[in-house]
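Q: Please take a close look at one helix in this model. I would like to know how it sits among its neighbours and how it compares with the rest of the chain.

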Amino acid sequence: MNAPAVIMLSASFLLLSLTAALAASAASAAPRRSYATVPGHPCIRSLEGTADAMSDLAEAHPSLASVITIGDSYLRENPGGAEANGAFPAGGYALKALVLTNGDAATASADKARVLIVAGHHPRELGPPELVLRFAERLLAGHGADAETTALLDRTEISLVFHANPDGRHVAEARRDLMWRKNANGGGHSSC
C-alpha cells in the first residue's frame, strides 16, 4: 500500500479559511477557561497560555488529541547561546505539537492522510499561533456534531505546531520594545 501523502501548510496560507471557520463557530463556541495572554493583547494567548490550552485540549479529548514533543528549541540545545538584553529564557523550550485525529476511527493510522501546520516562525507576529489554536478548538468541538469535521478527523492526522520559535516568542512577549522577529541563533544573522 502507498504511504499517505504528507501535506505541509503555512499558517499564513490558512489565515483566510481559519478566519471564516472562527467566524462561523464564534456564536456557538462554549465558554473556555481563562489562559495567560500576551501583555496588551487580551485575545492572544501567550507561550504559557498556549501550552496550557494544548494540555487542556488533550485532556478533554483523549481519543482525538495528544501533545507530543518533536524536538528542542535552539536555546535548549545550546544553553547560553544567545543574548538579547537578557530577555531570552534560561533553558529554552521543548518544541511541542498538538496531534489531532480520531484514534477510535476505522481508518488505521498508517492509512490516514497527514497534515502539518506550523505557526510562530516570526515571534512578533502574534496572531498566527492563536488562529491555529482556535482552529484546533473548532475541530475538536465539531467532532461528532459536524459531519465534515468528523470525517476530517476520522480520516486525517493533523499535527499543529503553534510556536516554531518559542525562544524568540519569549523575547517578543518579555521585551516588546525590542520588536524581536528572529530566533536565538545570532551567528551570521542580521540585527533586525
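A: Contact here means heavy atoms within 4.5 Å. The model is predicted, and the part examined is helix α2, which spans residues 47–60.

The chain has 192 residues, and 40% of them count as buried. Six helices and seven strands are present, and along the sequence they follow the pattern β-α-β-β-α-β-α-β-β-α-α-β-α. Among the contacts with a separation of 6 or more, 74% come from residues 24 or more positions apart.

Helix α2 itself has 14 residues. From the first C-alpha to the last, α2 reaches 20 Å, close to the 20 Å expected at 1.5 Å a residue. The buried residues of α2 are Leu47, Gly49, Thr50, Ala53, Met54, Leu57 and Ala58. Viewed down the axis of α2, these buried residues fall within an arc of 170°, so they line one face of the helix. Glu48, Glu59 and Ala60 are exposed on the other side of α2.

Helix α6 is mostly covered, with seven of its nine residues buried. The buried residues in α6 are Pro166, Asp167, Gly168, Arg169, Val171, Ala172 and Glu173. They pack against α2, and also against β2 (37–38), β3, α3 (74–77), β5 and α4.

The other helical partner, α4, covers residues 127–142 and also packs with α5, residues 147–155. The angle between α4 and α5 is about 105°, and their axes are 8 Å apart. That angle makes α4 roughly perpendicular to α5. On the α4 side the contact involves Arg138, Leu139 and Gly142, which meet Thr149, Thr150, Leu152 and Leu153 of α5. By class, this contact of α4 with α5 has three nonpolar residues, three polar ones and one charged.

Strand β5 leads on to another part of the chain. Glu157, in strand β7 (residues 156–161), touches Val99 and Leu100, and its other contacts include Thr101, Ser109, Lys112, Ala113, Arg114 and Val115, leaving aside residues up to four places away in sequence. Glu157 counts as buried because its relative accessibility is 17%, and the cut-off for buried is under 20%.

Ala110 gives a contrast in accessibility. This residue is in the loop between β5 and β6 (113–118), and its relative accessible area of 53% makes it exposed. Ala110 and Glu157 are 47 residues apart in sequence, and their C-alpha atoms are 9.7 Å apart in space.

The loop between α3 and β5 holds Pro79. With 64% relative accessibility, Pro79 counts as exposed. Pro79 and Ala90 are eleven residues apart in sequence, and 7.2 Å separates them in space, C-alpha to C-alpha.

Key: Residues are numbered from 1 along each chain as its sequence is written. This is a predicted model: local features need pLDDT of at least 70, side-chain atom pairs count only at pLDDT 80 or more; totals for chains, interfaces and linings use all residues. Side-chain values use heavy atoms; hydrogens and water are left out. Axes are lines fitted to C-alpha atoms, for helices over the stretch in contact, and angles run from 0 to 180 degrees between N-to-C directions. Helices (H or I, at least four residues) and strands (E, at least two) are DSSP runs, numbered from the N terminus. Angles under 35 degrees count as roughly parallel, over 145 as roughly antiparallel, 65 to 115 as roughly perpendicular and the rest as oblique. Ala, Val, Leu, Ile, Met, Phe, Trp, Tyr, Cys and Pro count as nonpolar, Asp, Glu, Lys and Arg as charged, and the others, Gly among them, as polar. The expected span of a helix is 1.5 Å times one less than its number of residues. Buried means under 20% relative accessible area, exposed over 50%, partly exposed in between (1.4 Å probe, protein chains only). The arc is that of the directions from the helix axis to the C-beta atoms.
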